[in-house]
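Have a look at the model first.

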Amino acid sequence: GDRKKKLRVFFLPFFARGHLIPQTDLACRLAAARPSDVESTIVVTPANALLIEPTVSRATASGHVVHILPYPFPDVGLGPGIECLSAAPARDEWRVYRAADLAQPAHEALLRAHRPDAVVADVSFWWTTDVAVELGIPRLTFHPVGAFPQLAMNNLFAVRADIVARGGREADRRQLRVAVPGMPGGKLPDFLVRDDHLSALWGRLKAAQLTGFGVVVNTFADLERAYCDEYRRVDARRAYFVGPISQPSLSAVRRGGDGDADCLGWLSTQPSRSVVYVCFGSWAHFSAAQMTELALGLEASNQPFLWVVRSSDAGVPDEAWERRVAGRGVVVRGWAPQLAVLAHPSVGAFLTHCGWNSVLEAASAGVPVLTWPLVFEQFINERLVTEVAAFGARVWDDGAGVRSVRREEADTVPAEAVARAVAGFMERGGRREKAEVKVKELAERARAAVAENGSSWRDMHRLIDDLVQARTSGPNVALS
Ligand code: UDP
């Protein structure tokens with residue numbers, strides 16, 4: 001190969017924001033880490049191209065080479081928004097993973113036409129391992145969640161397979177609360193592994209991941225060190241822990257929303273560490289009844305709050321409520337600049353659904369967390385927050401320590417519970433104080449991880465070195 005030419009790395013992010021944002025930032029950071037050696041190309045749907053454009057422009061303005069390569073997403077009647085996943089229907093979350101396969105023909109055609117030196121593809125695009133073999137290039141899996149949730153999911157699926165093998169009836173499986181070996185804090189809700197399709201899909205994703213060149217994970221070693229070590233041993237040929245990938249400097253740029261509200265100005269009028277930031281990510285959503293309880297609970301908590309409500313949410317607080325909380329509570333409709341909000345000194349706690357990015361961003365910003373998981377591995381991430389790294393507490397607990405969004409009526413968290421949890425967390429001597437000590441230390445370690453010679457900095461450079469070497473020696477180069 002031509003050693004003077006830059007390494008051309010293609011990034012294939014999944015459509016949802018929680019995947020798109022960190023992978024876009026990764027593409028920019030990789031190009032920035034070694035500008036004379038690396039150029040990045042991000043392959044996205046046209047709708048997502050518009051969302052990432054400001055972030056990419058900022059990188060190119062700094063002289064780094066980052067391209068956007070849009071491809072047409074097939075219209076297969078999955079409804080509007082599937083190609084950028086700005087909102088998901090509440091009961092059909094796994095549908096989106098099936099939708100991932102629809103990108104296969106376009107992705108394969110682009111990779112064959114452009115023949116990059118390496119491809120970093122989202123975990124859900126399992127087929128990229130095969131096309132990478134065909135082209136003789138390394139395929140890296142990008143994981144938007146950490147080592148702890150991934151290992152826990154492996155165990156969950158193993159437990160499930162065991163139950164199925166022993167002839168467990170579907171009805172039994174539904175009742176089951178799964179005890180996961182090595183999982184702190186007891187059992188997990190079984191809906192994470194209930195679906196046969198999902199089980200088969202997980203097997204396919206893992207097989208593709210394990211035969212690929214390696215895995216890039218958005219985490220830093222000090223957040224979940226024992227699990228990172230275990231992950232290196234069992235779940236990847238090569239693992240690069242390069243997080244936190246997204247940095248507050250990027251959040252000034254509008255990245256993926258309906259328009260940032262001017263909430264930072266309001267935050268600056270509030271006392272230090274006083275505001276509860278309330279946000280449940282980019283696409284999970286509440287019933288109208290739950291929205292009402294949440295609104296009344298935040299009102300009754302008597303704490304200042306900043307609440308992000310998505311435009312598609314029903315049961316949004318009414319005018320009378322807005323008048324009552326005026327001055328103390330601010331509602332952002334659409335999208336908040338989350339990294340900048342978390343970095344603001346007035347923010348004292350984060351009420352979150354425990355999406356991995358949000359958990360990582362809270363830890364990196366040093367903000368204690370109140371957990372309210374809704375779907376997917378958010379229930380596992382909650383364990384990391386409350387039991388392992390211990391920088392937060394649950395907003396609500398049914399006593400057994402397990403909740404499921406699948407029993408919706410039973411699971412509406414009443415306003416009094418919200419108010420009690422929020423006020424109790426924030427009060428003097430409350431659980432926040434212990435969490436704060438832990439999370440400040442984590443934030444320090446996150447900063448150190450990405451600083452020169454930190455663990456994530458070294459993994460980022462090792463990744464580039466390994467890819468440069470693979471260009472000359474081929475993707476089967478010995479493990480470093
Ligand atoms: N985010 C944001 N503003 C919002 C909502 C979300 O900037 O109003 C960002 C947040 O900082 C994070 C991502 O969107 O980077 C959400 O990812 P996460 O894994 O927390 O949740 P998901 O959206 O995947 O459920």
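## Where to be careful

This is a predicted model, and residues 255–259 are a stretch to treat with caution: pLDDT stays under 50 there. The model still has 17 contacts beyond four places in sequence for residues 255–259. Residues 398–410 are another case, again with pLDDT under 50, and for them the model has 16 contacts beyond four places in sequence. Where pLDDT is low, the predicted coordinates should not be read in detail.

How does the chain score on average? The protein chain averages a pLDDT of 86, and 81% of its residues score at least 70. For the model, ipTM comes out at 1.00 and pTM at 0.92.

## The chain as a whole

Count up the pieces of the protein chain and you get 19 helices and 15 strands. The chain has 480 residues, and 49% of them count as buried.

Now for the contacts. Take those in the protein chain between residues at least 6 apart in sequence: 73% of them join residues at least 24 apart.

Zoom in on strand β8, residues 214–217.

Which strands pair with β8? One is β5 (residues 139–143), which pairs with β8 in the parallel sense over four bridges. Here F142 has V216 of β8 as its bridge partner. Another is β9 (residues 239–241), which runs parallel to β8 and is joined to it by three bridges. V216 turns up again here, with Y240 in β9 as its bridge partner. There's a helix in the story too: β8, helix α9 (residues 225–234) and β9 make a right-handed β-α-β unit.

## Around the ligand

What surrounds the ligand? The shell has 20 residues, and the closest are G18, G281, S282, Q338 and G355. The elements that give two or more residues to this shell are α1 (17–33), α14 (338–343) and α15 (356–365). Helix α15 provides the largest share, with four residues.

Note on methods:
Residues numbered from 1 in each chain as written. Predicted model: local features only at pLDDT ≥ 70, side-chain atom pairs only at ≥ 80, totals over all residues. Pairing = 2+ DSSP bridges. Right-handed = clockwise from strand over helix to strand, strands pointing away. Near = placed C-beta within 6 Å. pLDDT = per-residue confidence, 0-100. Contact = placed C-beta atoms within 7 Å. Buried ≥ 20, exposed ≤ 12 C-beta atoms within 10 Å, placed from the backbone.
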